[in-house]
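Here is a friendly walk through a two-chain model, written for someone who likes cut-offs spelled out. Please have the viewer ready before reading on.

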Amino acid sequence: MTASHSSRTFSIRRYAPEPGAWGKITARDSVVRKLDWILLLSCAALSLIGAVLVHSATRNRTELNHGEPYFFFLRHLLNTGIGLALAALTIWLGHRTLRGAVPVLFGLAVVLALLVLTPLGSTINGSRSWLAIPGGFSLQPAEFTKITITLGMAMILAARVDAGDRPHPDHRTVVQALGLAAIPVAVILLMPDLGSVMVLGAIVLGVLMASGASNRWILGLLGTGVVGCLAIWQFGLLDEYQIARFAAFANPSLDPAGVGYNTNQARIAIGGGGLTGSGLFRGSQTTGQFVPEQQTDFIFTVAGEELGFLGAGLIIVLLGVVLWRACRIARETTELYGTIVAAGIVAWFAFQAFENIGMTLGIMPVTGLPLPFVSYGGTSMFAVWIAIGLLQSIRAQRPVSAAR
Amino acid sequence: MSNIPETGRTSRVTVRLIAIQILVFSLLLTLGGRLWYLQIRNGKEYANQARSNHVQQVIDPATRGSILDARGVPLADNQTRLVVSASRTDLLKIKDRGKAVLARLSQVLGMPEQEIRNKVRLCDAKTPQPCWNGSPYQPIPITDKATTQQALQIRERSEDFPGISAEPTAVRRYAAPGDANSAQVLGYLSPVTDDEITKAKDSRSPLLRSDQIGRSGLERTYDSELRGKAGVTRYEVDNLGRVIGKAKSDRAVPGSHVITSIDARVQAIAEKELDQAQKDARNVFDKNTGTNYKADAGAVVVMETKTGRVVAMASSPTYDPNAWVGGISGKDYAKLTGKDSNYPLLNRAIQGQAAPGSIFKVISTTAAVNAGYDFDGHYPCTSAFNIGDQVFKNFESENYGAISLGRALEVSCDTVFYDLAYKQWQKDGGNNPTHPADWFYKTAHQFGLGKETGIDLPNEVRGRVPDRQWKKDYWQANKDGWCAQGEHADDYVSKIAKENCESGMKMRAGDSVNYSIGQGDTLVTPIQMAAIYSAIANGGTLYNPTVGKAIVSPDGKHIREIRPTAHGKLPDSPKTLRQIDDALAGVATRGTAAWRFGGWPQDKIPMHAKTGTAEVYGKQTTGWFATYTKDYTVLMTISQGGTGSGSAGPAVRKIYNALYGVDDSGQIDEKAALLPQPQASLPKIESDGTIQAQPIKPVSETLPDEEEGQQE
């Protein structure tokens with residue numbers, strides 16, 4: 001901090017001369033200085049590591065990369081760039097501005113998700129969760145609903161608390177919020193995109209917890225989930241092969257040609273990495289393309305094999321940093337709305353990262369979920385960066401506390 | 001956290017946020033822990049899996065080493081043949097599971113369709129031979145006798161024969177030089193089983209799916225030396241099997257050659273004479289059974305006395321070991337192992353056991369001398385020996401009056417040994433023994449009976465010395481049956497059973513008396529007796545018989561000789577040994593074998609012999625003929641063949657004639673002698689793998705000899 005700045009700090013802004021561009025950026029109350037740079041840099045690091053890993057997984061897959069080894073690498077960087085821009089846009093708008101637009105955004109996301117079910121949607125890997133848009137791009141609307149469900153529920157749950165009417169959301173509010181959440185969940189269940197539904201479930205749980213809703217709701221929701229699973233199991237709502245596919249992560253022999261194969265190969269790739277890995281671009285499992293969907297859902301296996309325990313561990317640590325900063329933002333914001341949104345994002349990232357890495361490590365069932373920032377995939381990348389934008393703007397718009 | 005109270009922040013929310021944070025970090029910790037478990041704790045295992053995942057092996061089989069005779073003539077070598085094989089994996093991909101393909105193949109090959117189908121089915125507990133007991137992923141050989149034309153037909157119409165290949169392959173050949181087929185000595189090969197691959201995985205010589213393994217004979221004993229190491233080219237492949245690089249490769253290391261002490265010429269004669277002896281015996285009338293002798297089996301061993309090396313070893317009935325090459329046919333397998341086959345796969349020289357009869361008397365003589373009886377003493381040779389109302393006949397001999405032990409050996413007088421054994425039995429306490437010395441039994445053990453000689457052939461049997469311990473064990477195992485059968489004792493068998501039930505645990509006088517002349521429960525193998533007579537010839541050393549003489553690397557550079565080893569010394573003083581040696585020479589000149597060695601040049605090549613005729617309950621007698629010179633022991637036995645000298649005499653004489661070049665009148669023609677002295681040197685193997693071997697003529701002139709000359 002320079003002397004000239006400190007003198008300006010005490011001036012009344014209105015009467016001070018208009019500061020230059022650099023001054024604006026570095027001003028004490030400027031957005032740039034209020035940003036959580038640790039969070040931002042961790043996310044950027046994850047995205048860049050992701051670009052390298054995606055490149056390693058795809059440089060030889062000529063049937064995917066149209067003969068250009070750098071195709072996916074560049075696309076991943078482009079996606080990251082667009083993601084950053086979206087985050088900046090979100091910060092510029094500010095989450096309070098967006099709060100007013102939540103009903104519109106929520107409706108838009110649901111409509112996009114519904115479009116997937118129309119002939120406009122396309123099916124990839126057995127789940128109809130893609131929306132083909134002109135220009136050879138495709139969109140995964142379920143990713144956006146992860147944001148809008150957080151925002152929508154936060155809006156309802158926080159409305160009367162932030163107005164100072166009551167300390168916690170009452171039962172009616174909670175019912176309203178759950179009713180709202182049910183809409184995108186139902187649509188995505190129809191696709192069916194089980195992975196996304198699980199993430200939405202985690203978000204709902206995180207949001208309810210952070211909202212201060214009664215313990216009964218939290219426990220009730222958890223209980224419903226458990227009972228629901230048991231019911232599916234007991235009453236055979238799923239076909240046996242579906243259950244086998246689900247359980248194959250623990251026992252690959254249940255579905256040896258399908259999920260069991262993926263799980264097995266993923267485990268071999270990661271296990272074979274050892275402490276330091278086989279070196280970037282030197283992994284035999286990766287080079288030999290033994291792990292399917294390696295640039296997206298199974299990207300972590302590339303890290304495990306080629307970068308070893310150190311590299312893969314670094315990814316987990318970086319994710320930990322992101323979650324730590326997000327939790328901090330949730331704790332330190334003064335409005336319940338901001339707290340709920342931040343907590344929803346924490347639940348989302350944490351569950352999705354745990355599920356994605358967990359399935360490659362063979363401790364979670366295999367579902368088609370990307371690893372935030374690291375996996376290749378535009379929509380997912382945009383969504384997580386928008387979420388980072390939300391976190392930053394929540395942080396930026398709270399009063400600066402004395403003890404930072 | 002700030003301590004300024006904030007709006008919208010209640011303690012409940014704070015607690016909840018902390019709970020979320022704890023939850024989140026425990027999830028991450030779980031991931032880290034699991035990552036550690038996979039990568040650090042079990043990393044090696046997964047690294048191995050990854051390696052096998054992406055590496056495809058192309059196997060270049062090693063040429064199996066040859067088995068050579070003492071002069072370098074190949075007894076077993078390799079030959080290039082056109083092998084037609086079927087890939088099960090490919091056949092099963094076809095709609096009708098390859099039925100039509102196999103039908104077409106049967107037409108081309110001129111084989112019954114059923115036989116082909118049987119050959120490609122997999123062995124399991126319920127499937128009889130023929131079936132495939134190798135890996136289901138490996139091409140299964142259907143025939144190795146395809147003609148060039150058949151192979152061309154298959155190759156040119158490959159679209160008609162998916163999964164069928166016809167390729168030149170090195171296959172085992174048992175050349176039978178000069179008709180010396182040596183089947184049981186050589187053994188045979190068959191494909192490796194999954195179990196064996198698993199077991200050998202971490203050993204020094206791991207097995208490959210394509211490997212053949214020696215199953216018996218020399219092929220089995222020296223399997224690891226003969227097999228060599230298959231070359232493996234490892235290609236790194238991707239998940240679709242496309243080659244993306246070449247990994248570490250090992251070149252094939254051909255197997256070493258095993259040089260044996262077998263002399264193919266002597267072997268051929270031994271086989272021929274064994275066969276002839278049996279044929280002759282079948283023309284002899286057996287007074288006891290009222291039919292001709294059956295002579296259903298036999299064995300002969302020719303051994304170097306000073307080393308224990310086997311110069312020839314034959315077992316009858318025999319078979320053609322080439323039947324195993326390229327997978328055995330169902331018919332052949334039944335012929336070799338069926339109930340009516342008389343088990344030609346058995347090597348009766350090491351696996352056939354019978355009572356030794358009078359050739360056992362060298363052991364009884366030693367026992368008597370060691371028990372304190374004077375070799376040159378006077379022992380009554382009566383025509384019969386009585387214990388109570390039991391009469392023991394003097395089978396092969398007559399009343400010679402009082403004679404020495406040497407003379408008793410010469411004329412094979414049973415009663416001399418009866419008397420000695422009975423006295424010894426009494427001395428040991430009779431039916432109520434107290435600290436028995438058991439000289440006769442102890443001596444048998446000292447001669448190496450009741451245990452393997454340690455020959456370098458698999459599955460040698462031990463024989464049996466029916467001593468007190470054995471009697472006890474045997475009685476324990478059988479008393480229930482005996483006692484049940486003996487309850488209503490009216491016929492002979494039941495009476496015996498009753499007697500066994502009551503006193504079978506005891507060494508009875510009759511047991512000891514019978515035992516002393518090699519009758520009763522004693523069992524010996526021809527190789528045991530050959531080792532014993534060689535020991536008498538060489539001054540008392542019991543050698544472990546060997547067939548393998550040296551292991552020579554394929555380029556002939558590295559030679560590992562297999563040196564003779566001994567497993568014991570005869571318990572005779574040099575004097576006794578000389579006396580027994582003299583007596584056995586007497587057998588050949590004036591004793592029981594003299595009529596077979598008429599005109600033998602005894603002054604130039606001293607001949608020693610002992611005849612034996614063993615009683616077998618319910619069968620005709622087993623003939624034994626044990627002979628030796630200073631160089632060789634020749635021992636022949638014919639099951640159900642009558643007396644030893646009667647059945648085996650001429651055959652043994654002819655083997656000696658050939659070895660030393662002696663004609664029937666006793667003239668020695670050194671040029672005609674095949675092996676007047678044991679082969680001391682090893683054949684030379686050139687660095688290019690060729691072996692200098694003398695061509696040999698077959699014994700019978702009827703067959704053209706294709707296999708002679710230089711062999712690779």
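Strand β23(B) is covered on both faces: H608(B), K610(B), G612(B) and A614(B) are buried on one side, and A609(B), T611(B) and T613(B) are buried on the other. In total, seven of its seven residues are buried. A residue counts as buried if 20 or more other C-beta atoms lie within 10 Å of its own, as exposed if 12 or fewer do, and as partly exposed in between, with C-beta atoms placed from the backbone. Helices (H or I, at least four residues) and strands (E, at least two) are DSSP runs, numbered from the N terminus.

Please keep in mind that this is a predicted model, in which local features need pLDDT of at least 70, side-chain atom pairs count only at pLDDT 80 or more, and totals for chains, interfaces and linings use all residues. Residues are numbered from 1 along each chain as its sequence is written, while chains are lettered from A and ligands numbered from 1 in the order in which they are written.

**The sheet around β23(B)**

β23(B) runs antiparallel to β24(B), and seven bridges join them; two strands pair if DSSP finds at least two bridges between them.

Axes are lines fitted to C-alpha atoms, for helices over the stretch in contact, and angles run from 0 to 180 degrees between N-to-C directions.

**Nonpolar cores**

A nonpolar core is a set of buried Ala, Val, Leu, Ile, Met, Phe, Trp, Tyr and Cys residues joined through C-beta atoms within 7 Å. The largest has 128 residues, and those with the most contacts inside it are V301(B), V302(B), L635(B), M636(B) and I655(B). Its largest share, nine residues, comes from α21(B). M636(B), leaving aside neighbours within four places in sequence, is in contact with L274(B), A277(B), G298(B), V300(B), F625(B), A648(B), A651(B) and V652(B); contact requires that the two C-beta atoms, placed from the backbone, lie within 7 Å. A second, separate core of 118 residues includes F72(A), L180(A), L361(A) and L31(B).

**Where the chains meet**

How many residues of chain B are in contact with chain A? There are 40, and they touch 53 residues of chain A. The largest share of the chain B side, 19 residues, comes from α1(B). By class, that side divides into 19 nonpolar, 13 polar and eight charged residues; Ala, Val, Leu, Ile, Met, Phe, Trp, Tyr, Cys and Pro count as nonpolar, Asp, Glu, Lys and Arg as charged, and the others, Gly among them, as polar.

Helix α10 (residues 194-211) of chain A packs with α1(B) at about 145 degrees, their axes 7 Å apart. G206(A), M209(A) and A210(A) in α10(A) meet V13(B), R16(B), L17(B), A19(B) and I20(B) in α1(B). An unreviewed UniProt entry lists residues 17-37 of chain B as "transmembrane region". Over residues 17-37 of chain B the chain is 100% helix and 0% strand, with the end C-alpha atoms 30 Å apart.

**The chains in numbers**

| Chain | Item | Value |
|---|---|---|
| Chain A | helices and strands | 17 helices and three strands |
| Chain B | helices and strands | 23 helices and 25 strands |
| Chain A | buried residues | 51% of 404 residues |
| Chain B | buried residues | 46% of 712 residues |

In chain A, F300(A) is found in helix α15 (residues 299-332), and it counts as buried because it has 29 C-beta neighbours inside 10 Å.

Technical notes: UniProt positions renumbered as here; feature names shortened; annotations may be inferred.
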